[in-house]
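Please open the model in your viewer and keep the selection panel at hand.

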Amino acid sequence: MIRADFVLRHAGQLATMVPTTTDPLGRITGGALAARQGRVVWIGPDHELEQQVELDGDQLDAAGACVMPGLVDAHTHPVFAGARADEFLERVSGTSYQAQQGDERGIPRTVRATRDADVDTLLELAQRRALRFLANGTTTIEAKTGYGLDLEQETKAFDVLRGLGRRTPLRIVPTFLGAHVVPPGVDRKAYLRTLIDEMLPAFETRAAFCDAWCDEPAFSPAETRAILSRAKALGYRLRIHAAQLAPGEGPQIAAELGASSADHLEFATPAQVRALAKAGTVAVLCPGANFTTHGPRPPIEAMREAKLPMAIAGDLNPGTSNSESLPFALSLACVNWGMTAEEVLRGATVHAARSLNLEGLAGCLRVGSFADCIVLDLETPEAIPYYLGVNRVVQTIAGGALWHPS
């Protein structure tokens, strides 16, 4: 008998996200799963469970509801203070995102507010966001720094992420985003030297990834290459904000350096898309930010043709996508970009996990994977995008334990 400390039973459809020859979502009708110490130890038809599994722990009856892996959000900025709702309202009235960037507006405004907040305040704010992620079915996030932008303040951001991991069951993959923008009042060349010579070595043991934004008004292609090449030499895995606001070399840099992800990509060319696919990079698309900045549709058809894996991310941030709802991002990708339900579901699970080097662990349900799953008040997971802005998650299980909002 297989010993388990958690069992979920009577799922109407249990979408494993492990594809079969007949179903890309790998569904088990009338499914069940068992977990021990946070990992799946058995999965299969419910009627076989009692003969194969011995339970010493909690049992959840899904009562015929749909069950699928916990969602994976591969692009978030959860450590910040302050709000920029006025900038959102300006863009609704026709102001461009680029016009809002400056010493007193945009990202520098959030940098000042975040620097002014202490660790306890930032941790409390981040914890509220983490609970909203969990409530909306997300159990793993990639979490960027990037609103501190000096050694002391970026250290503070990493302290917040570490504290967040202790306070909540949300799985956090930390990313160093010192190359977000050049902070206000700092000489550009001096900041690059500090970033490359001091901050990158300081955080190599605290971050799984290094990210850089290769776009106006952030960093040039030459600057981005220098930052990410140094990061790669230090042992970071790479991500890159690329071709979000205008055409540029960001996607090529991602492919050249073997980045795990290239994010946004609204202005990526077909040749760049093919290069990313050849390099094994995942496209992490951010429909929320695209929606509020009125950007063009990413080259979805070229990505399909190149067989470039497409992850869908929420891009939680105070400027362009202040939302912890990955299901809403899936709806936007379907409605605004013409992506299919299958594409966005795989984008928020297996492809997102792949971009985080968690393939086979997160975003799927199989023996050995994390026991992260969600119970949905739906008959089928394909219905998630249909419910625009409506949360259909009735239970989140993180690491084989029932999560309850406190």
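Which residues do ring pairs link into a cluster? Select Phe158, Phe176 and Phe203, which ring pairs join into a cluster. This is a predicted model, in which local features need pLDDT of at least 70 and side-chain atom pairs count only at pLDDT 80 or more, while totals for chains, interfaces and linings use all residues. Residues are numbered from 1 along each chain as its sequence is written, and side-chain values use heavy atoms, with hydrogens and water left out.

**Aromatic rings**

Rings of Phe, Tyr and Trp (its six-membered ring) pair if their centres lie within 6.5 Å, and planes under 30 degrees apart count as stacked, over 60 as edge-to-face and the rest as tilted; by this rule there are five aromatic pairs. Zoom in on Phe158 and Phe203, whose ring centres are 4.9 Å apart with planes at 40°, so the pair is tilted. Because Phe158 belongs to helix α5 (residues 151-167) and Phe203 to helix α6 (residues 188-203), the pair ties together parts that are 45 residues apart in sequence; helices here are DSSP runs (H or I, at least four residues), numbered from the N terminus. Both Phe158 and Phe203 are buried, where buried means under 20% relative accessible area, exposed over 50% and partly exposed in between (1.4 Å probe, protein chains only).

Next select Tyr386 and Tyr387, with ring centres 4.8 Å apart and planes at 75°, so this pair is edge-to-face. Tyr386 is exposed at a relative accessible area of 63%, whereas Tyr387, at 25%, counts as partly exposed.

**Enclosed space**

On a 1 Å grid over the protein atoms alone, a cavity is a set of points where a 1.4 Å probe fits but cannot get out, a pocket is an open set with protein on both sides within 12 Å along at least five of seven lines, and lining residues have an atom within 4 Å of a point. Grid points are joined across faces, edges and corners, and a volume is the space filled by probe spheres set on the points.

The structure holds three cavities of 30 Å³ or more. Of the 13 residues lining the largest cavity, Tyr97, His180, Asp315, Asn317 and Thr320 are the closest to its centre, and the space inside is about 130 Å³. Tyr387 is among the residues that line the second largest cavity, as are Leu71, Asn136 and Pro327; its volume is about 60 Å³.

Finish at the largest pocket, with a volume of about 250 Å³. Of its 19 lining residues, Thr292, Thr320, Ser321, Asn322 and Ser323 are the closest to the centre. Helices α2 (85-92), α10 (287-293) and α12 (326-337) each supply at least two residues of the lining.
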